[in-house]
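Subject: Structure handover

Hello,

Here is the structure for you to open. My notes on what turned up follow below it.

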Amino acid sequence: MLAKRIIPCLDVKEGRTVKGINFEGLRDVGDPVELGVRYASEGADELVYLDISASREGRNTFTDLVRRIAENINIPFTVGGGIASVDDASRLLDAGADKITVNTAAVNNPELVTQIARRYGSQFIIVAIDARLDSDGVWHVTTHGGSKSTPRNLFDWALEVEDRGCGEILFTSMNHDGTRSGYPCETYRKLFDSLSIPVIASGGAGKWEDIAEVLSQGKADAALAASIFHYDNMNILTLKRHLASAGIPVRI
């Protein structure tokens with residue numbers, strides 16, 4: 001059985017790691033390279049860096065940051081935020097990123113997934129899907145940080161981007177994100193069973209048992225989290241020891 005991955009996520013604004021709620025009330029939580037080195041030393045399997053800077057200056061800062069990360073961190077890392085073209089992806093991969101992730105741009109232009117996969121290979125592209133379970137009982141794909149709903153269905157969209165060459169799915173339930181009350185494990189299990197590519201769980205972790213549940217009952221291949229690591233609520237090595245004690249295969 002393949003080991004489950006633990007992936008800290010770092011939101012970056014103008015070269016600094018920040019944390020807030022829905023990108024509001026942002027607090028500086030440290031240098032992204034230093035935090036990345038720390039997480040790697042604690043046993044993180046991969047890292048995800050998301051550029052939340054809207055300005056072109058922020059994008060240039062982020063590209064320079066990606067180069068610094070590549071020089072200092074010895075585990076794979078993914079970058080995303082503002083990637084709307086193959087050239088955007090190329091800029092970050094050429095700077096040293098191992099993978100890129102796309103979300104809203106892929107929904108607006110699904111051909112982007114195909115283009116990136118054809119140029120670089122499926123292993124270089126993750127499609128992030130933010131979806132909300134609405135009153136009609138359907139998981140509707142959302143864009144722009146969950147603020148805009150679309151007619152797309154979570155499961156149909158996941159299958160489409162897999163067919164287009166995406167290598168992994170990063171699914172966040174907007175109903176659970178930020179609640180620290182756990183994950184919709186039945187939905188993760190259904191998603192996992194319908195795909196042949198890995199599924200990463202994101203949003204909803206409040207304690208190690210939540211992560212254990214989504215990695216076992218939800219069948220997710222990896223768990224991504226931010227706050228529980230940034231604020232020292234949970235050391236990654238401690239988390240992995242808990243997971244191992246629960247019978248979940250992890251690298252320690």
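A nonpolar core here is a set of buried Ala, Val, Leu, Ile, Met, Phe, Trp, Tyr and Cys residues joined through side-chain atoms within 4.5 Å. Buried means under 20% relative accessible area, with a 1.4 Å probe and protein chains only.

This is a predicted model: local features need pLDDT of at least 70, side-chain atom pairs count only at pLDDT 80 or more, and totals for chains, interfaces and linings use all residues. Residues are numbered from 1 along each chain as its sequence is written, and side-chain values use heavy atoms, without hydrogens or water.

The cores: the largest has 73 residues, and Y49, I100, V102, I169 and I211 touch the most other members. Helix α6 (residues 154–163) gives this core its largest share, five residues. Helices are DSSP runs of H or I, at least four residues, numbered from the N terminus. A second, separate core has 10 residues, including I7 and L224.

Next, G36. This residue sits in helix α1 (residues 32–42). G36 is buried, at 0% relative accessible area. Leaving out residues up to four places away in sequence, G36 touches L10, L47, Y49 and I73; contact means heavy atoms within 4.5 Å.

Last, a helix pair. Helix α3 (residues 86–94) packs on helix α5 (residues 111–120) at about 40°, with axes 10 Å apart. Axes are lines fitted to C-alpha atoms over the stretch in contact, and angles run from 0 to 180 degrees between N-to-C directions. The contact uses residues including V86 and L93 of α3 and L112 and I116 of α5.

Best wishes

Definitions and conventions: Buried means under 20% relative accessible area, exposed over 50%, partly exposed in between (1.4 Å probe, protein chains only). Helices (H or I, at least four residues) and strands (E, at least two) are DSSP runs, numbered from the N terminus.
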